[in-house]
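Q: Hey, I'm new to this one. Can you walk me through it?
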Amino acid sequence: MSHAPLAPLGSHALIPKAELHLHIEGTLEPELAFELAARNGITLPYADTEALRTAYLFADLQSFLDLYYALMAVLITEDDFEALADAYLARAAAQGVRHAEIFFDPQAHTARGVALGTVVEGLSRALARSQERHGVTTKLIMCFLRDQSAESAMETLEAAKPYLDRIVGVGLDSAEVGNPASKFREVYEAAGELGLRKVAHAGEEGDPGYVWEALDVLGVERVDHGLRSLEDPELVARLVRDRIPLTLCPMSNVRLRTIDVLEDHPLVAMMDAGLVCTVNSDDPAYFGGYAGDNFHAVGEALALDHERLRELARNSFVASFLDGSAEEEELRARYLAEVEAYAFDAATD
Ligand code: ADE
Ligand code: ZN
């Protein structure tokens with residue numbers, strides 16, 4: 001499948017925002033994949049970028065993950081990870097992202113013989129100059145693959161100890177159904193003892209029980225997706241009471257067929273229920289759009305007015321982990337002030 005070029009973004013999509021649900025490996029655009037493959041002497045099983053794009057027709061989460069992991073073969077050196085992150089940050093900045101909390105999947109690289117240090121050092125190089133170069137502040141979150149063992153997750157946490165000055169938290173991703181969060185109780189406890197923040201994917205394809213486990217067993221501070229939370233009113237009450245933010249990814253939900261069309265997205269009902277919702281891009285190279293594109297798409301499909309868009313942008317900074325120091329709190333206050341002062345432009349909307 002090839003996709004029509006996206007329309008230029010109007011001001012409603014460019015409001016200052018934080019991106020809180022973004023897999024850096026999911027920002028690997030076909031052009032960069034081919035460039036890195038050539039540099040590393042790897043032959044991809046696709047003739048060209050157009051042929052690769054035709055593979056982006058997913059039946060479900062697993063069919064996406066199969067391609068997502070396969071394409072990571074081109075990421076070998078620190079330079080590759082740096083190029084990947086730098087390209088994302090440039091695109092994110094152009095779509096109004098002012099702060100990004102970026103996931104990466106260590107086990108998907110160490111399993112291929114790429115050392116954790118290579119990944120972290122490469123990403124860190126791009127992140128270290130992101131504020132200056134792109135005007136985007138950043139944090140890094142290390143995700144465990146939930147379809148791997150708890151022992152492997154614990155080994156990964158252990159291996160990350162030399163890099164914890166660069167890693168703010170832990171997450172949990174990959175195939176959800178059949179891989180409940182409870183398997184990772186000990187590793188999340190250990191992460192908490194190391195001062196790491198906790199998030200987890202839950203309720204993407206899985207039912208609300210997966211979200212309950214992320215809250216009660218792992219003690220997460222944010223839920224990644226949580227799309228199916230409305231199915232359980234008690235869960236909604238809990239998420240509202242504890243102000244647990246949800247990092248929703250509308251274009252991802254359509255591409256992975258958890259919803260049929262964006263018009264069916266429960267975002268408005270979730271906001272009306274009092275949930276702290278944010279809008280994010282997940283794996284933008286695969287799902288057709290970056291953060292601003294997601295604001296645009298959901299804004300159009302659900303006819304969100306400017307105040308709803310402002311609330312989503314505000315929530316993104318409130319839900320961020322920009323609370324580690326007085327300096328960060330000041331930065332967050334500055335970003336929130338930018339959101340309040342943002343003037344939508346009727347000419348472009
Ligand atoms: N890894 C990358 N993207 C993911 C998603 N949408 N769900 C679970 N794991 C992922
Ligand atoms: Zn995700």
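Q: Which residues of H15 are buried?
A: Those would be Ala-291, Gly-292, Asp-293, Asn-294, Phe-295, His-296, Ala-297, Val-298 and Gly-299. A residue is buried if 20 or more other C-beta atoms lie within 10 Å of its own, exposed if 12 or fewer, and partly exposed in between, with C-beta atoms placed from the backbone. H15 covers residues 291-301, and nine of its eleven residues are buried, so the helix is largely enclosed by the rest of the structure.

Q: Before we go on, where do the numbers and letters come from?
A: This is a predicted model, where local features need pLDDT of at least 70, side-chain atom pairs count only at pLDDT 80 or more, and totals for chains, interfaces and linings use all residues. Residues are numbered from 1 along each chain as its sequence is written, while chains are lettered from A and ligands numbered from 1 in the order in which they are written.

Q: And how are helices and strands named?
A: They're DSSP runs numbered from the N terminus: helices are H or I with at least four residues, strands are E with at least two.

Q: What follows H15?
A: Ala-303 does, and its phi is positive, near 50°.

Q: OK, new topic. What is the strand order in the open sheet?
A: The sheet has eight strands in the order E1-E2-E3-E4-E5-E6-E7-E8, with parallel pairing. Two strands pair if DSSP finds at least two bridges between them. At the edges are E1 (17-23) and E8 (277-279), each pairing on one side only.

Q: What about E4, how many of its residues are buried?
A: Five of the five, so E4 is largely enclosed by the rest of the structure. Gly-169, Gly-171 and Asp-173 lie on one side, Val-170 and Leu-172 on the other, and all are buried.

Q: How many bridges join E3 to E4?
A: Five, with E3 (residues 137-145) running parallel to E4. One pair there is Ile-141 with its bridge partner Gly-169 in E4.

Q: And E4 with E5?
A: E4 (residues 169-173) and E5 (residues 197-202) pair in the parallel sense over two bridges. Gly-169 turns up again, standing opposite Arg-197 in E5. Five of the six residues of E5 are buried, so that strand is largely enclosed too.

Q: Back to E8: is Val-279 buried or exposed?
A: Val-279, which sits in E8, is buried, with 29 other C-beta atoms within 10 Å. Leaving aside neighbours within four places in sequence, Val-279 is in contact (C-beta atoms, placed from the backbone, within 7 Å) with Leu-248, Pro-250, Asn-294, Phe-295, Val-298 and Leu-312. Asn-294, Phe-295 and Val-298 are among the buried residues of H15.

Q: Last one: what surrounds ligand 1?
A: The shell is His-23, Gly-26, Leu-61, Tyr-68, Asp-173, Ser-174, His-201, Glu-204, Ser-252, Asp-282 and Asp-283. A residue is near a molecule or strand if its C-beta atom, placed from the backbone, lies within 6 Å of it. Asp-173 is one of the buried residues of E4.

Conventions. Contact = placed C-beta atoms within 7 Å.
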